[in-house]
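The entries follow in the order in which I looked them up.

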Amino acid sequence: MHPREQTIFALSSGRPPSAISIVRVSGPQTGAALTSLAGQIPMPRKAARALLRDAHRQPIDDAVVLWFPGPASVTGEDVAEFHVHGGRAVLAALFAALLGFADVRPAEPGEFTRRGFENGKLDLTEAEGLDDLIHADTDQQRRQALRQLKGLLGDKARDWRAQIIEASALIEAGIDFSDEGDVPAELIAPALAKIKMLLGEIQEVLAAQGRSERLREGLVVAIAGPPNVGKSTLINQLARREVAIVSPHAGTTRDIIEVQLDLDGYPVTVIDTAGIRETDDPVEQEGVRRARARAAEADLVLWMMDAQHEQRPQEAAAPLWTVRNKIDLDAVGADSPKPSQAGVIGQERWLGSDFGISASRGDGIAELISALVGFARDHLGAGEVSLISRARQRKLLEEAADSLQRSIEVIGKGEELTAEELRAAAYSLGRLLGRVDVEDILDKIFRDFCVGK
């Protein structure tokens, strides 16, 4: 039997032990397994209490079971859920009982979602949204993933593809069936108008600057500067726990330390890098090299210094803020620019920002965090509804737009060339959705134009 025809099962809740664990089963043997374990199949989508028994009629657990007959289920197949007590022994006994049925096996990673996709329960963009929702660490990531799961991009792509197929049907009907009486004349003009409108819509989506893609990855902030200026103390303050070793000795941090933060719903990765200085220590030299490389890749660099270490910042492609530490020990620090004085509008307001803090006492930390939240909001896009969240989606939309543009450019060179470019555009959108059917255009022609009756 093909693996896709087998019945699969898996733990769908958190790692045991837990109060309750959920085991999901999907496939043609689900009903038989449920009947054997629970004694009967309950009413569809109604929770029922049952004493689960194995093949030897030994009790496994007092559980709650649910039955979702296909195709009205998450996978499109017969699905059952066993809500059992979340001990390891209970789960081991239930798994052993399920493995005793013919053609029943543990599910592969993502196999339930894949079966739902293959059975038309969701498209590829919705599956990607589900994956993003599962891995969302912050509220903003959750909201974006939920939009994708609801089919925001998929609905648009399906509509675009349907309209491309309609335009292609008009052009191909004019090419292949121009002698048919029920095929209207002058098909090119309305098809061309539709193509231009679709191209404009797709280009508008592509012009969204990829902020949703950045939100998936999060903002990367590198803390850089000379040794012993308080970089490790600052990252401990931001993380609100000790993640880096704090020492008065220069060169303590030899490698890169990364901390993931949730700043007002925005995902931020803060990097504590090795102190940048000239050194003969080969291990510290490697740490400095990595620090320079990581800072060069960051979205924002916090360059730390104090009164004793006024080393000029290194060149950085990303915006660079100067953070003057130990203001409690330096009377001059009281006159340092305050975080709230940094700019007004847009990304430009963050250029050249200057902050005064005491990483050991916490002075100025709240203001620095507030500024980081503002920068994250500008960089990642606050409240913006962007359809594209992955590079794969952007690439395929770009391919579709390029094909539509070429279809307009070659219209005067032959309708066959235009039709071919439209097929390429529809194919790109089909790949975006995970649905590619070469018969779509012919189906449209025969259904709408009654050709060949």
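**Entry 1: the sheet.** I traced an open sheet of 6 strands, in the order β3-β4-β5-β2-β1-β6 and with mixed pairing. I took helices (H or I, at least four residues) and strands (E, at least two) as DSSP runs, numbered from the N terminus, and two strands as paired if DSSP finds at least two bridges between them. The edge strands are β3 (48–53) and β6 (104–106), each of which pairs on one side only. Neighbouring strands of this sheet are turned by 30° against each other on average, direction ignored. For such angles, axes are lines fitted to C-alpha atoms, for helices over the stretch in contact, and values run from 0 to 180 degrees between N-to-C directions.

**Entry 2: basis of the values.** I note that this is a predicted model, in which local features need pLDDT of at least 70 and side-chain atom pairs count only at pLDDT 80 or more, while totals for chains, interfaces and linings use all residues. Residues are numbered from 1 along each chain as its sequence is written, and side-chain values use heavy atoms, with hydrogens and water left out.

Entry 3: Strand β1 (residues 7–11) runs parallel to β6, and 3 bridges join them. Here T7 stands opposite V104 in β6. At β3, I found antiparallel pairing with β4 over 6 bridges. R53 has P59 in β4 as its bridge partner. The hairpin of β3 and β4 has 5 residues between the strands, and R57 in this hairpin takes a positive phi near 65°.

**Entry 4: Q6.** I located Q6 in the segment before β1. Is Q6 buried or exposed? Q6 is buried, with a relative accessible area of 17%; buried means under 20% relative accessible area, exposed over 50%, and partly exposed in between (1.4 Å probe, protein chains only). The side chains of Q6 and R105 are joined by a polar contact of 2.6 Å. A polar contact is a pair of N or O atoms within 3.5 Å; within protein, one must be able to donate a hydrogen and the other to accept it, and residues adjacent in sequence count only if both atoms are side-chain atoms.

**Entry 5: helices across the sheet.** Helix α1 (residues 30–38) lies across β1, β2 (18–26), β3, β4 (59–68) and β5 (79–86), and runs at about 80° to β3. Contact means heavy atoms within 4.5 Å. Helix α3 (residues 111–118) lies across β1, β2 and β6, at about 135° to β1.

**Entry 6: the buried face of α1.** In α1, I list T30, G31, A33, L34, L37 and A38 as buried. Seen down the axis of α1, its buried residues fall within an arc of 165°, so they line one face of the helix. The arc is that of the directions from the helix axis to the C-beta atoms. The buried residues of α1 pack against β1, β2, β3, β4, β5 and α2 (88–99). Just after α1, G39 takes a positive phi of about 95°.

**Entry 7: a further hairpin.** I found β8 (residues 257–263) and β9 (residues 266–272) paired in the antiparallel sense over 7 bridges. L263 has Y266 in β9 as its bridge partner. This hairpin has 2 residues between the strands, and D264 takes a positive phi near 55°.

**Entry 8: the chain.** The protein chain comes to 14 helices and 12 strands. Buried residues make up 48% of its 453 residues.
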